[in-house]
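Subject: Structure handover

Hello,

I am passing on the structure we spoke about.

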Amino acid sequence: MAAPNLINATTINGKTTGANLTTTSATTVLNNPASSGKCLKVNTLNIANYGGSTANITIQWNNAANLGGTSYNIAGSVNVPANSTLNIIDKTSQYYLEENQSLGATAGTANTLIVTCSYEDIS
């Protein structure tokens, strides 16, 4: 199954997850494994810069779980000012992660950015 029929969903749970970007390598923010039987509706994705200088971030959607497959930038090398928060995804631009898809983040500077993601787990 690629994703449940949203009209026939029996369970919708609101959830929030986060990732502290401690490296400049791609980090998984949200993962929907193959055969999960779920669709994950991403409602918000925010980046907090707790450092003293501007840092950049790239947010990508991957057409396979665990940041596999092909990566497509949602936001590419966007500057996040020091001590501020940037909203990348909100209720006006939601994303659906079907089975075997993932979202990732790559920081330009390690140990400066935190990503938070609010989503609905639909099955």
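This is a predicted model: local features need pLDDT of at least 70, side-chain atom pairs count only at pLDDT 80 or more; totals for chains, interfaces and linings use all residues.

Residues are numbered from 1 along each chain as its sequence is written, and side-chain values use heavy atoms, with hydrogens and water left out.

Core. A nonpolar core here is a set of buried Ala, Val, Leu, Ile, Met, Phe, Trp, Tyr and Cys residues joined through side-chain atoms within 4.5 Å. Buried means under 20% relative accessible area, exposed over 50%, and partly exposed in between (1.4 Å probe, protein chains only). The largest core has 23 residues, and Leu45, Ile47 and Ile57 touch the most other members. At least two core residues come from each of β1 (12-21), β2 (27-32), β3 (39-49), β4 (55-62), β5 (71-80), β6 (84-89), β8 (101-107) and β9 (113-122). Strands (E, at least two residues) are DSSP runs, numbered from the N terminus. Beyond its neighbours within four places in sequence, Ile57 has contacts (heavy atoms within 4.5 Å) that include Leu21, Ile47, Val78, Ala105 and Val115.

Cysteines. With a disulfide taken as a pair of cysteine sulfur atoms within 2.5 Å, the structure has zero. Cys39 is in none, and its nearest cysteine sulfur, in Cys117, is 13 Å away; that is too far for a bond. Cys39 is buried at 4% relative accessible area, and Cys117 is buried at 0%.

Salt bridges. The count is two, where a salt bridge is a side-chain nitrogen of Lys or Arg within 4 Å of a carboxyl oxygen of Asp or Glu. Asp121 pairs with Lys15, with the closest N and O atoms 3.3 Å apart. This pair joins strand β9 to strand β1, 106 residues apart. Asp121 also forms a salt bridge with Lys38, at 3.2 Å from N to O. Here Lys38 sits in the loop between β2 and β3, 83 residues from Asp121. Asp121 is buried at 7%, whereas Lys15 is partly exposed at 35% and Lys38 is partly exposed at 29%.

Loop residues. Asn66, in the loop between β4 and β5, has a positive phi of about 55 degrees although it is not a glycine. Asn83, in the loop between β5 and β6, has a positive phi of about 50 degrees and is not a glycine either. Asn66 is exposed at 57%, and Asn83 is exposed at 60%.

Regards

Key
Helices (H or I, at least four residues) and strands (E, at least two) are DSSP runs, numbered from the N terminus.
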